[in-house]
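The points are grouped by topic.

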Amino acid sequence: MIKSQFNTIPRYNLSVVMQETELKADVLRVWEKRYSLPNPKRSSGGHRLYSEFDIATIKWIQNRQKEGMAVGRAVKLWRQIDKDGGDPFEVYPLMVFLSNVDDDFHDVESLDSLRKMWIEACFVFDEKRADEILSLVFSQFSIEESVTQIFHIGLAEIGQAWYEGKASVQQEHFASELAMRKVHALIAEAPNKHREKNILIGCPENEFHSFYPLLMNLVLRYRGWQVVNLGANVPFEDLKNTIEIVKPDIVFYSAMRLNTASYLIEIGNFLIDEEIPLTYGGWIFSQIPELVTRVPGNYLGDDLLKAAGMIESLLLNDEQDLPNKNTYIEKESIDSFEANQIKIESLVEKNLDEKSSLGIYPLKDLRIIHSFFADGIMAGLTFGDLDLLKLDVDWIAGYLENLNISTSFLHLYFDAYAEAVEETIGEDGRLITDWLRHL
């Protein structure tokens with residue numbers, strides 16, 4: 001409902017409001033005296049009378065409390081929205097008060113159980129129930145515990161379910177959208193920054209999984225640090241220009257895939273020249289630990305709160321040793337492969353048409369594999385080791401299996417790819433063809 005839909009006729013006494021909001025009389029009187037919100041009328045006998053609008057206003061403030069906001073800040077937010085000509089009930093829709101939440105929420109103490117319930121609500125696109133669960137979580141647990149257990153772990157579980165064919169893209173996007181909305185609301189209400197040093201956060205080019213950096217942004221802001229979050233897919237030149245303006249004391253980047261992790265080498269090498277520490281994290285580094293030795297920076301692990309603590313430790317340490325630059329990059333092979341990628345993929349399709357006895361393969365799915373595989377090859381050449389693609393190869397095999405396509409197709413694909421690389425770029429592609437023929 002919006003503001004104009006609530007009845008403003010004062011007709012409810014204090015006992016009704018106490019029952020509706022579960023607030024005590026002295027609390028309501030303090031709110032009235034300190035904030036004048038709500039501001040009940042008086043009966044002829046001097047008794048307070050509240051309207052439906054007054055009760056809705058109280059519940060609106062309570063919902064902001066459940067999100068971690070102090071009452072005074074909630075009132076300030078209400079007045080700012082109202083002053084700007086907005087409708088507080090439209091900007092922050094009134095959610096069901098916790099006493100009306102389904103019985104199966106009562107006596108739930110485990111964040112694991114609440115996370116499971118939230119995921120189930122997301123999978124059936126039940127926004128109301130999912131929001132109610134979040135309200136319960138944030139009312140009973142700290143912000144750091146809540147975002148780590150529900151969002152960081154929960155979205156990873158949903159992503160795994162998608163990969164296994166147990167969840168749709170739409171279900172994953174729905175859950176991500178609800179989580180992003182909540183985190184953005186929490187960031188907007190973060191306490192004032194009281195620490196001087198700047199932290200720059202972002203994702204390398206072609207990395208669109210920006211939720212982990214967003215959570216890091218939230219945690220560090222609530223710990224009082226100044227944070228500039230660049231979000232997803234930040235081109236290297238844009239990063240350099242931003243560093244000139246912001247002059248950060250430390251940079252945090254996140255990468256989920258081998259390909260996007262490879263961009264951190266160029267970023268790390270650049271930051272060494274600027275004498276700015278690079279810190280980084282992301283799913284791929286927990287899957288391929290040897291990558292950590294090849295990125296010139298400080299790996300923070302996959303525990304969000306420990307990672308935030310490591311950033312704080314580095315900021316408080318004025319005598320930091322910068323790492324050595326990475327020199328593994330196979331630049332000539334990368335340039336030649338990248339320049340001929342489309343031609344190589346066209347030849348792969350032609351070779352498969354000639355060799356495959358499996359019948360017609362889905363071209364759309366084949367081109368998804370093309371894109372994923374080419375990104376992996378360029379990353380392997382950047383890291384100086386194509387054997388790092390084992391996880392990418394496993395991903396493709398799993399993807400084919402979920403499509404009910406025989407894994408024998410994968411061997412045909414690699415053979416066709418090796419022939420296409422050899423025919424197209426010859427000696428410049430020797431590292432690639434040798435590797436493919438040993439798979």
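**Pockets, helix contacts and backbone geometry**

In this predicted model, the largest pocket has a lining of 40 residues, and G159, E172, H209, M256 and W283 are those nearest its centre. The space in the largest pocket amounts to about 1600 Å³, while the second largest pocket holds about 400 Å³. Two helix pairs are also described: helix 6 with helix 7, packed at an angle of about 160°, and helix 1 with helix 3, crossing at roughly 35°.

**Largest pocket**

- Seven helices each supply at least two residues of the lining of the largest pocket: helix 8 (143–163), helix 9 (169–188), helix 10 (211–222), helix 12 (258–274), helix 13 (283–287), helix 17 (363–383) and helix 18 (390–402).
- Helix 8 provides the largest share of the lining of the largest pocket, namely nine residues.
- By class, the lining of the largest pocket comprises 21 nonpolar, 13 polar and six charged residues.

**Second largest pocket**

- The second largest pocket is lined by 13 residues, and those nearest its centre are Y263, E266, I329, I334 and T382.
- Helix 12, helix 15 (331–339) and helix 17 each contribute at least two residues to the lining of the second largest pocket.
- The most is given by helix 12, which supplies five residues to the lining of the second largest pocket.
- In the lining of the second largest pocket, five residues are nonpolar, four are polar and four are charged.
- Helix 12 and helix 17 are among the helices that supply at least two residues to the lining of the largest pocket, and each also supplies at least two residues to that of the second largest pocket.

**Helix 6 with helix 7**

- The axes of helix 6 (residues 111–123) and helix 7 (residues 127–140) lie 8 Å apart, and the two helices pack at an angle of about 160°.
- Since angles over 145 degrees count as roughly antiparallel, helix 6 and helix 7 are therefore roughly antiparallel to each other.
- The crossing of helix 6 past helix 7 is left-handed.
- On the helix 6 side, the contact involves L111, L114, M117, W118, A121 and C122, which meet R129, A130, I133, L134, L136 and V137 of helix 7.
- The contact of helix 6 with helix 7 has 11 nonpolar residues, no polar residues and one charged residue.

**Helix 1 with helix 3**

- Helix 1 (residues 14–21) and helix 3 (residues 52–66) cross at roughly 35°, and their axes come within 10 Å.
- Helix 1 passes helix 3 in a right-handed crossing.
- V17, E20 and T21 of helix 1 make this contact with I55, I58, K59 and Q62 of helix 3.
- The residues of the contact of helix 1 with helix 3 are three nonpolar, two polar and two charged.

**Backbone features**

- Most residues other than glycine have a negative phi, and most peptide bonds are trans.
- The peptide bond that joins L37 and P38 is cis, with omega about 0°.
- P38 is located in the loop between helix 2 (25–35) and strand 1 (41–42).
- E22, a residue other than glycine, has a positive phi near 60°.
- The loop between helix 1 and helix 2 contains E22.

Definitions and conventions:
Residues are numbered from 1 along each chain as its sequence is written. This is a predicted model: local features need pLDDT of at least 70, side-chain atom pairs count only at pLDDT 80 or more; totals for chains, interfaces and linings use all residues. Side-chain values use heavy atoms; hydrogens and water are left out. On a 1 Å grid over the protein atoms alone, a cavity is a set of points where a 1.4 Å probe fits but cannot get out, and a pocket is an open set with protein on both sides within 12 Å along at least five of seven lines; lining residues have an atom within 4 Å of a point. Grid points are joined across faces, edges and corners, and a volume is the space filled by probe spheres set on the points. Helices (H or I, at least four residues) and strands (E, at least two) are DSSP runs, numbered from the N terminus. Ala, Val, Leu, Ile, Met, Phe, Trp, Tyr, Cys and Pro count as nonpolar, Asp, Glu, Lys and Arg as charged, and the others, Gly among them, as polar. Axes are lines fitted to C-alpha atoms, for helices over the stretch in contact, and angles run from 0 to 180 degrees between N-to-C directions. Angles under 35 degrees count as roughly parallel, over 145 as roughly antiparallel, 65 to 115 as roughly perpendicular and the rest as oblique. A crossing is left-handed if the near helix is turned anticlockwise from the far one by less than a right angle, and right-handed if clockwise. Contact means heavy atoms within 4.5 Å.
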